[in-house]
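Work through the exercises below with the sequence and the model at hand. Each task is followed by a solution in steps.

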Amino acid sequence: VRASQDLVRPTASNVLSQVISRMTTRNLPEPPPPPDGGRQAWTQVGMGWLVIFTTWGYVNSFGAFQTYYTSTMPQPASTISWIGSVQVFLTLIIGAFSGRLLDAGLFLPTFIVGALLQVLGIFLMSISNSYWSLMLTQGVLTGIGGGIFFTPSLALVATYFAKRRGIAVGLTTTGNSAGGMIYPVVVRSLIPQIGFAWTARVLAFINLGCLALVFAFMRPRLPPRKSGAIIDLKAFKEVTYVGFVSGLFFLMWANYFSFYY
């Protein structure tokens with residue numbers, strides 16, 4: 001009897017484990033191919049444009065702040081430029097990790113957290129009156145906030161397109177240039193009229209309005225899926241990939257050195 005029980009137990013256990021395995025690893029239906037156009041897809045391009053506008057457009061307008069800070073703070077220009085440098089560094093490095101959250105089906109929570117942090121950083125910047133308070137608000141907080149939602153948003157736009165992906169992503173990234181023109185004009189025009197504090201609040205309200213639109217209309221197309229490690233270190237064993245990443249590293253280094261110093 002004991003022997004028969006020992007045979008039954010593993011059998012029942014195996015059946016149960018197979019049922020659970022089938023339930024947890026059940027293949028979800030494959031999503032349809034990218035629409036490659038249409039109202040929904042181009043809406044995502046418009047919303048992605050606003051994301052790039054409020055992140056990289058705002059980040060790349062630091063020159064206007066640099067001019068004001070240099071004229072009002074005792075620190076040299078090279079020290080002040082660290083505020084913008086930290087901001088752009090965090091926007092990029094945080095994005096390297098937050099992109100996985102789109103794969104996990106967490107786009108909206110990720111976007112909300114990042115947008116709130118960025119807008120909060122700009123509002124707090126309005127009451128900052130020292131170098132280190134500006135470093136923590138404009139440099140650290142807005143950099144982290146922008147980095148959290150920038151990469152998932154850009155990746156989401158790409159999922160709606162196949163043949164037209166290049167033009168879709170290209171149009172999205174023009175928000176960078178638009179923001180780089182509009183934000184400095186706003187800063188240089190409003191500071192003499194309403195002061196730095198209210199100028200920063202105006203920028204915060206601009207970003208709040210734009211990001212509210214993004215939250216209302218930007219939606220992921222693909223279902224959640226399991227992904228590997230946050231950083232795939234095995235990729236760095238490929239010589240071609242390492243060469244590509246190294247080339248981009250030095251390209252960005254030369255580019256942003258001229259912007260921030």
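**Ground rules and overall layout**

Read from the N terminus, the elements of the protein follow the order α-α-α-α-α-α-α-α. The model is predicted, so local features need pLDDT of at least 70 and side-chain atom pairs count only at pLDDT 80 or more, while totals for chains, interfaces and linings use all residues. Residues are numbered from 1 along each chain as its sequence is written, and side-chain values use heavy atoms, with hydrogens and water left out.

**Exercise 1.** State how many helices and strands the protein has, and what share of its residues counts as buried.

*Solution.* Step 1: the protein has eight helices and zero strands; helices (H or I, at least four residues) and strands (E, at least two) are DSSP runs, numbered from the N terminus. Step 2: 38% of the 261 residues count as buried. Buried means under 20% relative accessible area, exposed over 50%, and partly exposed in between (1.4 Å probe, protein chains only). Step 3: among contacts with a separation of 6 or more, 84% join residues 24 or more positions apart, where contact means heavy atoms within 4.5 Å.

**Exercise 2.** Determine how α3 and α4 are oriented to each other, and which residues make the contact.

*Solution.* Step 1: helix α3 (residues 62–72) packs against helix α4 (residues 77–103) at an angle of about 140°, with the axes 10 Å apart. Axes are lines fitted to C-alpha atoms, for helices over the stretch in contact, and angles run from 0 to 180 degrees between N-to-C directions. Step 2: α3 and α4 are therefore oblique to each other; angles under 35 degrees count as roughly parallel, over 145 as roughly antiparallel, 65 to 115 as roughly perpendicular and the rest as oblique. Step 3: Phe-62, Gln-66, Tyr-69 and Thr-70 of α3 meet Ala-77, Ile-80, Ser-81, Ile-83 and Gly-84 of α4. Step 4: by class, this contact of α3 with α4 has five nonpolar, four polar and no charged residues. Ala, Val, Leu, Ile, Met, Phe, Trp, Tyr, Cys and Pro count as nonpolar, Asp, Glu, Lys and Arg as charged, and the others, Gly among them, as polar.

**Exercise 3.** Is Gln-138 buried or exposed, and with which side chain does the side chain of Gln-138 make a polar contact?

*Solution.* Step 1: Gln-138 lies in helix α6 and counts as buried, at 1% relative accessibility. Step 2: its side chain makes a polar contact with the side chain of Tyr-69 (2.6 Å). A polar contact is a pair of N or O atoms within 3.5 Å; within protein, one must be able to donate a hydrogen and the other to accept it, and residues adjacent in sequence count only if both atoms are side-chain atoms.
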